[in-house]
Amino acid sequence: MLRLLARRLLLSIPLLLVVTAITFFLQSLIPGDPARSLLGPSATPQQYEALRQALHLDQPVIVQYLNSIGGVLHGDLGRSIFTGEDVGQTLANRLPVSLSLIVGGTLVALLIGILLGVLSATRGRLLARFIDVFSLVGGALPNFWVGLVLAAIFAVTLALLPATGYVPFEESPGDWARALILPVIALALSGIATIAKVVRDGVSTAIGQDFVRTLRAAGVPRRVLIWKHALRNSSVSLVTVVGVIFVASLSGTILVENVFVLPGLGSLAVAATARQDIPVIQGVALAFTVITIVVNLLVDVSYGLLNPKVRAR
Amino acid sequence: MTSRSRLLAATAALAVTGIALAGCSGGGGSSSKGGSDDDKLVVAVGTPPVSLDTLKAATGVPGTWFETPAYAGILTRDADGKIQAGLAEKWEYVGDANTDFEFTLRDKLTFADGTPLDAKAAAASLDYFTKTTTGPSRAYFAPMTFTAKDDLTVHITSAVPNPIIPDLLTVGLLGGAPISPAGIADESARAGDTYGAGQYVLDPKKTVSGDHYVYVPNKKYWDQKAVTYSEIDVRVIPNAQQQVQALKSGEVDAIVGDPSIGGTVSGNGLEEIHQPSTVYNFYLMDRGGKVVPALANEKVRQALNFAVDREAIAKAALGDYGKATDQTALDAGEAAGYDPKLEKEYTYDPAKAKALLKEAGFADGFTLPATYLGFSPTDSKIAQAVASQLAEVGVTMQLKSEPDFGTWVNDLVANTYGATLLTGGGSQMYIDAQFAFTQNAVMNQFGVANSDIDAAFQKLASAAPDEIGSAAQGVSSVIVKQALSLPIATSDSIIIYNSKKVKPYYLGSTGELAPIESWPQK
C-alpha cells in the first residue's frame, strides 16, 4: 500500500509540471497584453517598456515559465499583476469558499444518491425508472442553468435564500449555510444522479448473490442485509465515482461560483484569465492540480481500506 | 436508532462537519453578504478595478466607486455641480493668465493612517501623481508643478494656461485626491489598498480582491457628519441579470444599468434614474491619412457624417437611453462646449455623402479599418450599424472587435486602424480636446496637427471664467465643421436602486453622478 502511494506521489511531480506548462503556454497564446490593460493608451512608450520589464513580460515565454517554476519551488507563487497581492495568500483566501462548495456538493450528492440508489434497488420498478430519468436529466442539465433557475425561484421570487455572495463560517454559521444551499444543490445535482445509478446497480447485483441469500437464510434482518452487506458490495465503485465527482466539481465551481458570485477559486480563474493575470492563472491551475492529486491519493487509500487485496500489494 | 437512521445521521453529520471544516479553514473576512443593515450601502458593478491605485484606476462611473469613498478631493462639488471647499477651504487663480493657482488646506487634516496632511504632503502627492501616473489624467496634470508655500498653502504653476485647475483638484480625475506618504512610498501596496484622506478606508480583512471591496468609516476624516454609512460594499457581479437578481432580492442597494435592463426593473421600491453621460463616437484617428489616405480629406470625413442615420441607430441600440448627436460634446454645463446650433450640421443624407465622396475623388469609396471593444452588446450593435450604413455609400468599414482592453490599446498604439469606436466626451471641452483632438491627445495616436484646433484650444485655455462657455463652443465648432470625428449618439448613465434604502442623484449643472459615499440614505 505504501509503495502504491509512493509511486503515485512520484508520478504527481511530472503531472504538476505538465499541467503548469500547458497552462502557461496556452495562456501565452491568448491575444492581449496585461501591461497595456494596466496602463491604457495614455502611457508613454517608456512607461510601457518599464512595466513590461518589471513584470518580466519582455522575456521569452520559456524563461518566464522557468522563472515561475523556480518561484514555486521556493514557495513563492508570485504576485498578481493587477492587484499586487501575493498569489499564495489570494489562493488561501479563496480556497475555503471552493472547498465549502465542492465538499458540500459531493457530500450532498453522496447522501441523496445513496438513499435514492438503495430505494431504487429495493422498492420496485417505478422508482428505478424514476432514477433512470433523473440520472439522464440530472446529468444533462448544466449546473449553471440549474443555479440560475434556483436563484430566480428561491432568492428573487420567494426571497428565502441569497442569490449571490458568501459569508465565512466563523462570521456567521447560519448565513454561511444559507449562502451555500443553492450553489451546493446546483453543483450536486449531476452527482446525485450518477451515484444513485451506481448504488442501485451495485445493490441490485449484490441482492442476487449467494452470500446475501446465505445471510438472509441465517436470519439477518433485511435492512442490515441491504444497508450493510449489499451496499458495501458497491463501495469500491462508489469511491471511484465520488472521486471523479469531486474532481469534476472543481471545473463545476468555475460556473457555479460565477452564477452565485462566490469568491472562490473558480471565479478567480475566470477573472484572472479575462485580464491575463498570469501568476494568478498559474496559481489556480496549480491549486486545482494539487487538489486533484490529493483526491486521487485518497481514493487509492480508500481502495486499500475497502479491499484487502489492494492493501496486500 | 436503526442502522439505517444511524447511517443517515452519520452521513449528515459528516456532511455538516466536512463543509464546516472547509468553511473554517482560513479565508477569514471574505463576507460578501448583502446589505440588510440600514446604514450599510451595497452597490454592484460589472467588473473589478484594474487597480485601486489612483494612478492607474479608471475615471468615470463605476470606476471611481472603488476610489472616492477612500480618497477625498482637495476641492469638491456641491449638488449643483459647482466647485466647493473640500480638503482645501480656500482656492483662487493668481493673476489672469490661468497659469498660477493657490489653495489653502484646512488646519490639522490627516490621512486615514494618521499622517498629517499639510501643504507639503499635498504638494508631494500632486507632484508624484503628475510625474508617475499612466492614467487618462496624465495629460492634464503634466504641465503643472506644485510648491508648498507655507504649512497650509500650495502654489500651482502651469506651463500652459489651464482654466480648469479647480476641476482637476476634485476627486473626479483622481489626481486631486492626496495620497499619503506611505502610499507614495509603496507603489505595489496601492494596487490593493487605499492611502487617502477620504470619508472611508478600505478594510483589507473584509475585502476579497476581484469580488467585493469593503470600506469602513475613516475616524480621522475631517468632517465626521458626512460619514453616514457604517460600511460601503462595492461588489463585483459580472452579469447584468445577476445584478438585477441581487437588487431584487435586497442583497445590493444600487447597480449600474444598461439599455438592456433599463426600464425592466421596478416595483418593491426599485427605481431608476438616468442622464446623458457620454457620447458614442467613432474617433477618426488617422486624419493625416497615413493608413487611410481618404481620412485626410475633410470632405470625406463630412461624407461619413452625412452617411450615418443617427436617429435610427440611437433608437435601435439605446432606446430611451440615448439621443442622436452630431457633436462630441454633451449638454452638460457651459464648459462642455455643447452648441445646439451644431446639431443640424449633418442631417442624414446619403446622396450628399456620395456627392462629397465624389468631389473628394473617392467616388468608388474606400476601405476604413476600425477597431472597437467588443464586449458590450451595445457597442457591437452601434459599430455594425454604422458599418452597414457606410457600406451604402461605398465605404467599407472593416471592423475588428477586440475581446479585451489590452488588445484594443495595442491596436491604437500600432497605428494600423483609421478609426475606433469609444464612448467619450461629456467632460469639459478643455479635457475632451486634449483627450482626442490636440496633437498630443491620447486618441490622436497618429499625432495629427490641426492649427484651427490649436487656435481654438489656446483661446479656451486662456479664457476668463465668463468666456469659457463661448471658447469651449469654439473648439466644438472646429471639431464638428471639420468632421474630426464621427459622433453617433449620447449614451445615458443608468442607475437602478432601492429607493427604500438610498437616493442616488446627478449633479445639477454637470450631470455627473454624485459619488456613492454622498448618496443620502432614505
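## Helix H10 of chain B

Just after helix H10 of chain B, Gly361(B) takes a positive phi of about 90°. Helices here are DSSP runs of H or I with at least four residues, strands are runs of E with at least two, and both are numbered from the N terminus. The model is predicted, so local features need pLDDT of at least 70 and side-chain atom pairs count only at pLDDT 80 or more, while totals for chains, interfaces and linings use all residues. Residues are numbered from 1 along each chain as its sequence is written, and chains are lettered from A and ligands numbered from 1 in the order in which they are written.

H10(B) spans residues 350-359, and its buried residues are Ala353(B), Lys354(B), Leu356(B) and Leu357(B). A residue is buried if 20 or more other C-beta atoms lie within 10 Å of its own, exposed if 12 or fewer do, and partly exposed in between, with C-beta atoms placed from the backbone. Viewed down the axis of H10(B), the buried residues fall within an arc of 160°, so they line one face of the helix. The arc is that of the directions from the helix axis to the C-beta atoms. These buried residues of H10(B) pack against helix H8 (298-306) of chain B.

## Backbone exceptions in chain B

Asn98(B) sits in the loop between strand S4 (88-93) and strand S5 (100-105), and is buried, with 22 other C-beta atoms within 10 Å. Ala483(B) sits in the loop between helix H15 (468-481) and strand S17 (485-498). Ala483(B) also counts as buried, having 25 C-beta neighbours inside 10 Å.

The peptide bond from Val61(B) to Pro62(B) is cis, with omega near 5°. Pro62(B) is placed in the loop between strand S1 (40-45) and strand S2 (75-77) of chain B.

## Annotated region of chain B

An unreviewed UniProt entry annotates residues 82-435 of chain B as "domain: Solute-binding protein family". UniProt positions are given in the numbering used here, feature names are shortened, and annotations may be inferred rather than shown by experiment. Over residues 82-435 the chain is 28% helix and 24% strand, and the end C-alpha atoms are 23 Å apart.

## Chain A

Chain A has 14 helices and 0 strands. Its C-alpha atoms fill a box of roughly 85 × 55 × 35 Å, taken along the principal axes. Of its 313 residues, 44% count as buried. Among contacts in chain A with a separation of 6 or more, 75% are between residues 24 or more positions apart; two residues are in contact if their C-beta atoms, placed from the backbone, lie within 7 Å.

The annotation "transmembrane region", from an unreviewed UniProt entry, covers several segments of chain A, including 99-121 and 180-199. Residues 99-121 are 100% helix, with end C-alpha atoms 32 Å apart. Residues 180-199 are also 100% helix, with end C-alpha atoms 26 Å apart.

## Contact between the chains

In the model, 62 residues of chain A are in contact with 59 residues of chain B. Several helices of chain A each supply at least two residues of the side touching chain B, among them H2 (34-39), H7 (143-157) and H8 (173-207). The largest share, 15 residues, comes from H5(A).

The residues on this side of chain A divide into 36 nonpolar, 16 polar and 10 charged. Ala, Val, Leu, Ile, Met, Phe, Trp, Tyr, Cys and Pro count as nonpolar, Asp, Glu, Lys and Arg as charged, and the others, Gly among them, as polar.
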